[in-house]
Amino acid sequence: FAHMQFIAEKNGWTKFGSMQNLYNLCYREEEREMNKFCNETGVGLIPWGPLFSGLLAKPLGVESTRSKISIAMSGGLTGADKIIIERVQEVAERKGWKMGQVALAWVRGKGCIPIVGLTSSSIERLDEACAVRDMRLSEDEVKYLEEPYAPKPIIGHV
């Protein structure tokens, strides 16, 4: 990505204005290089999968067909993933928010505007996602949510 940006700049071509990457509380590998590069060079971050295939939007054990397929394709939930999901549930209960709102507020707090795939066409779900624009997590809540994270192999790239 950096190479393409530098070649575009060198040749007077149009550079990328945004990066669409996989990024959520359970997959934070983009923080190592990509997010830093984008932030330093003015490239917007529009992550997909901010709800970790819906797993950050509901308590452990409540899975959809989509989340079961995603879990199987990714090799299963790690111990860290399970702790993070439980902590998202705890924070949501303390704040009176939905779990998905906690996960989306975390992504927004990182300076990103996430792509949210709402599998339900419910107006209620859309309203919940839109309400995140006014929701903020405290520094302590962010640390609590992030603390269990363990690095993972890179996924989402060809």
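Contact here means that heavy atoms lie within 4.5 Å of each other. On that basis, in this predicted model, residues 24 or more positions apart account for 75% of those contacts in the protein chain that have a separation of 6 or more.

The secondary structure of the protein chain consists of 7 helices and 2 strands, which follow one another along the sequence in the pattern α-β-α-β-α-α-α-α-α. The overall values of the protein chain are gathered below.

| Property of the protein chain | Value |
|---|---|
| Span of the C-alpha trace along the principal axes | about 50 × 35 × 35 Å |
| Residues that count as buried | 38% of 158 residues |
| Accessible surface | about 9,400 Å² |
| Part of the accessible surface belonging to carbon and sulfur atoms | 55% |

Helix 4 (residues 79-95) packs with helix 7 (residues 139-146) at an angle of about 155°, their axes being 9 Å apart. Because angles over 145 degrees count as roughly antiparallel, helix 4 is roughly antiparallel to helix 7. From helix 4, the contact draws on Ile-84, Arg-87, Val-88, Glu-90, Val-91, Arg-94 and Lys-95, while helix 7 contributes Glu-141, Tyr-144 and Leu-145.

Note on methods
Residues are numbered from 1 along each chain as its sequence is written. This is a predicted model: local features need pLDDT of at least 70, side-chain atom pairs count only at pLDDT 80 or more; totals for chains, interfaces and linings use all residues. Side-chain values use heavy atoms; hydrogens and water are left out. Axes are lines fitted to C-alpha atoms, for helices over the stretch in contact, and angles run from 0 to 180 degrees between N-to-C directions. Helices (H or I, at least four residues) and strands (E, at least two) are DSSP runs, numbered from the N terminus. Angles under 35 degrees count as roughly parallel, over 145 as roughly antiparallel, 65 to 115 as roughly perpendicular and the rest as oblique. Buried means under 20% relative accessible area, exposed over 50%, partly exposed in between (1.4 Å probe, protein chains only). Accessible areas come from the Shrake-Rupley method with a 1.4 Å probe; for residues, only the protein chains shown count as cover.
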